[in-house]
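This report describes selected features of one protein model, arranged by topic. Please consult the sequence and the structure shown below while reading.

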Amino acid sequence: YALSISAVFFASLAILVVLLACVMTYIQRNRLVLKNAQIEFLWLLLAGLLLVSIGSLMFALPPTDALCVASVWTINVGYSLELVPLIVKMAAFYRLMRAAQKMRHIQLTLKSLFGAVVILTFVIVIFLTAWTIIDPPSREANYKLSGETTQDG
């Protein structure tokens, strides 16, 4: 029981911290450092962190089949929104550095970077959809042999 309360506390704290980061990002959105960081990707990253935090909160609640499916979706889509933009930006940076070494000019557009994010996230959503249809996550009871009687008997 104490572990469950701790999990709810830390998940709620993570949600609050992410929301505070969203507010601060919005307030500071016109600063050069945020514009250079491509604020659109920062919003995706923060949305992913928020989904992961919400998914961790779901894990701390009493399990139901719907909550199991929802937590798996929020955590996996959250990590996708958090990590895929970073991977796409690192790949673009690598392409830019390779072109610079060869003294070539390349043009990276925000549209192409977002396209890569959308495609990779769509693949993950297709996987999650197939998983949910074929073998949906469900609650599973763990029983221990003890001298106490529980609500399950």
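Leaving aside neighbours within four places in sequence, with which residues is Ser53 in contact?

## Ser53 and its contacts

The model is a predicted one. Ser53 belongs to helix α3, and its contacts beyond four places in sequence are Ala11, Ala14, Ile15 and Val18. Ser53 counts as buried because its relative accessibility is 6%, under the 20% cut-off for that class.

## Helix α1

Helix α1 covers residues 2-27, 26 residues in total. From the first C-alpha to the last it reaches 37 Å, close to the 38 Å expected at 1.5 Å a residue.

The buried residues of this helix are Ala11, Ile15, Val18, Cys22 and Thr25. These residues pack against α2 and α3. Two of them, Ile15 and Val18, are in contact with Ser53, a residue of α3.

Val88 is located in helix α4. With a relative accessible area of 8%, Val88 is buried. Not counting residues up to four places away in sequence, Val88 touches Leu113, Ala116, Val117 and Leu120.

Helix α5 spans residues 110-134. The end C-alpha atoms of α5 are 36 Å apart, which agrees with the 36 Å that its 25 residues should span at 1.5 Å a residue. Leu113, Val117, Thr121 and Leu128 are the buried residues of α5, and what covers them includes α3 and α4. Leu113 and Val117 are also among the residues that Val88 touches.

## The second largest pocket

The second largest pocket holds about 230 Å³ of space. The elements giving two or more residues to its lining are α3 (39-60) and α4 (65-101). The lining consists of Ser4, Met58, Phe59, Ala60, Leu61, Pro62, Pro63, Leu67, Cys68 and Ser71.

By residue class, the lining comprises eight nonpolar residues, two polar residues and no charged residues. Cys68, one of the lining residues, counts as buried because its relative accessibility is 17%.

## Cysteines

How many disulfides does the structure hold? The number is zero. Cys22, one of the buried residues of α1, has a relative accessible area of 18%.

## Positive phi angles in loops

Gln38 is not a glycine, yet it has a positive phi of about 60 degrees. The residue is placed in the loop between α2 (32-36) and α3. Is Gln38 buried, partly exposed or exposed? At 23% relative accessibility it counts as partly exposed, because that class lies between the 20% and 50% cut-offs.

Met103 is another residue other than glycine with a positive phi, here near 60 degrees. Its place is in the loop between α4 and α5. Met103 has a relative accessibility of 75% and therefore counts as exposed, the cut-off for that class being over 50%.

Terms used
Residues are numbered from 1 along each chain as its sequence is written. This is a predicted model: local features need pLDDT of at least 70, side-chain atom pairs count only at pLDDT 80 or more; totals for chains, interfaces and linings use all residues. Side-chain values use heavy atoms; hydrogens and water are left out. On a 1 Å grid over the protein atoms alone, a cavity is a set of points where a 1.4 Å probe fits but cannot get out, and a pocket is an open set with protein on both sides within 12 Å along at least five of seven lines; lining residues have an atom within 4 Å of a point. Grid points are joined across faces, edges and corners, and a volume is the space filled by probe spheres set on the points. Helices (H or I, at least four residues) and strands (E, at least two) are DSSP runs, numbered from the N terminus. Ala, Val, Leu, Ile, Met, Phe, Trp, Tyr, Cys and Pro count as nonpolar, Asp, Glu, Lys and Arg as charged, and the others, Gly among them, as polar. Buried means under 20% relative accessible area, exposed over 50%, partly exposed in between (1.4 Å probe, protein chains only). The expected span of a helix is 1.5 Å times one less than its number of residues. Contact means heavy atoms within 4.5 Å. A disulfide is a pair of cysteine sulfur atoms within 2.5 Å.
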